[in-house]
Amino acid sequence: MARLLAAVGRDASMEAFEVVFRNYAPRIRSYMMRLVRDPQMAEELMQETMMTVWRKAALFDAEKGNVSAWIFTIARNLRTDSFRRTRRADFDPNDPAFVPDPEQPADAAFEAREAEARLHEAMKGLPAEQRDLLHLAFFEEVSHSEIASRLALPLGTVKSRIRLAFGKLRSALGERP
Amino acid sequence: MSVRHQVSDELLLDYASGSLSEGWRIAVASHLALCPQSRRRLAVMELTAGALIEEEQPESSTADDDDAWSAMRTRLAAGGGALSGGVDTPRPVSRDAIVLPEPLRSYAGGDVGSLKWRPLGRGAYHILIPTADKSTSVRLLRIPAGKPVPEHGHGGRELTLVLSGSFNDGGEVFARGDLEEADETLEHQPVATPGEDCICLAVTDAPLKFRSWLVRLVQPVLGI
C-alpha cells in the first residue's frame, strides 16, 4: 500500500490510486458513518478524505510512514473540522519554535514495516475491555471522561486501562512503555 | 533538555481521537510542539487507529464502491490537482528566540514580547487568549521569580504548560515544555523558581457565570 501511495504522489498514477481508493473508501465511509450517523454526510466526508489523500500523496513518507495511520489522521481532521467549524489547534513542524525529532536511526524504514505487523499482533493480545475502549475513543470519538460515564466506570479505572493498553502497544513496538 | 512531564495517555488519546475541545487542545498541541517524545507516543496512537481502520469490516456493496469510485474519477477529471512534492523551507528564525510555539503564538497574536500583559497584582501578569470554546478559559500567566502562581479559576480540570522559566509544585520542578495536569482532587500550589520569571499557559474549565460571584461569597468560608 505504501508503494502504491508513493506512485500516486510521484506519478499521479490513477491505477495506483484506484487500488488505494477501493481499499480505504469503504473503511473510511464506515468510520465516518459511526461518527456522523448520516449516510450522505458520511459519503461526502469519505470523498473529501480520499480527495485529500490524492492531493497530498506526495507529502506521504513511504519510507517511514504508515498508510492507514496517515489516512486516519486526514479523515479525523476533516471530521472534526466539519463538526466544530472552529479552527483546529495543531502544532506546526515548520514553526521555528518547534522542537524537531532527534535523528532517526538508519534502520527506521525497516522498523516502520516491522512495526505494523507487531502492532496488529499486540492489539490481538489486548483484553477485550481495553480493545473496547480503543474502539469507543476512535470510532465514537468520545473523550476518556465520557467513556467512563457511558460504561459507568470510575474515571480512574478508564485512565488505568488506557495506560495499560498503550503501555503494552508501545513495548510491542520496542518503545519505552 | 528533554521534557520531563509529558502529557498523560488519557489526555493524549482525547487529542488523537479528535474529541478534545479547543481550549485543552491548544495546551496539548503546544506541548507536542515542544516534546518529541510525546509526539512519538501520539504516533503510536495514530498507528493504533490506523490498525483499527484496517480491521474494519465495511458493509458496503460492490455497487456502492463502484459508484463512489466513479464519483471520485469525475472529481479528479474536473481538476483535482495533486500537490507537488517537497518539504517547505523552514523560516530563518532562531529557535531560541521564540517563547510561544504554534498553535499558541497565533492564538495569542504574537510572541510574549509584543503582547499586552495585564496586571494581576503582586507583580504577576496575565493575558486572556480568546477561543471559540466556551467551556474552557485559556490564559497566559507571567509569575515573578520566587512567587506563587495566583489563583486562576480552580475547581475542575487544569492544564499548565511551562513556556519560560520554571515552577516548583510539591517538590517537582516544571520547566519549558512540561505539562502539569491537575483536577479537583489534586491540591497544588505552584511557585515560580527563583532567578527567572515564569511564563506559562493555563487552561481551566470556564467558571460558570453564577459561580463567579457565588464562589467569591463562599470562598473565605470554605477556604478554597
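Buried area is the accessible area, taken with a 1.4 Å probe, that two parts lose on being put together, summed over both. In this predicted model, chain A and chain B bury about 6,900 Å² between them, and carbon and sulfur atoms account for 61% of it. On the side of chain A, A:Arg27, A:Phe91 and A:Pro96 lose the most area to chain B, together 10% of what that side buries.

**Contacts between the chains**

- The interface brings 71 residues of chain A into contact with 73 residues of chain B.
- Between chain A and chain B, 12 salt bridges are counted.
- One of these joins the side chains of A:Arg34 and B:Glu56, with an N to O distance of 2.9 Å.

**The side of chain A that touches chain B**

- At least two residues each come from helix 2 (14–36), helix 3 (39–56), helix 4 (67–84), helix 5 (108–124), helix 6 (128–139) and helix 8 (155–172) of chain A.
- Helix 2 of chain A gives the most, with 14 residues.
- By residue class, this side of chain A divides into 34 nonpolar, 13 polar and 24 charged residues.

**A sheet in chain B**

- Chain B holds an open sheet of 3 strands in the order 6-5-8, with antiparallel pairing.
- Strand 6 (172–175) and strand 8 (191–192) of chain B are the edge strands, each pairing on one side only.
- Strand 5 (residues 166–169) of chain B pairs with strand 6 of chain B in the antiparallel sense over 4 bridges.
- B:Phe167 stands opposite B:Phe174, which lies in strand 6 of chain B.

How values were computed:
Residues are numbered from 1 along each chain as its sequence is written. Chains are lettered from A and ligands numbered from 1 in the order in which they are written. This is a predicted model: local features need pLDDT of at least 70, side-chain atom pairs count only at pLDDT 80 or more; totals for chains, interfaces and linings use all residues. Side-chain values use heavy atoms; hydrogens and water are left out. Two strands pair if DSSP finds at least two bridges between them. Contact means heavy atoms within 4.5 Å. A salt bridge is a side-chain nitrogen of Lys or Arg within 4 Å of a carboxyl oxygen of Asp or Glu. Ala, Val, Leu, Ile, Met, Phe, Trp, Tyr, Cys and Pro count as nonpolar, Asp, Glu, Lys and Arg as charged, and the others, Gly among them, as polar.
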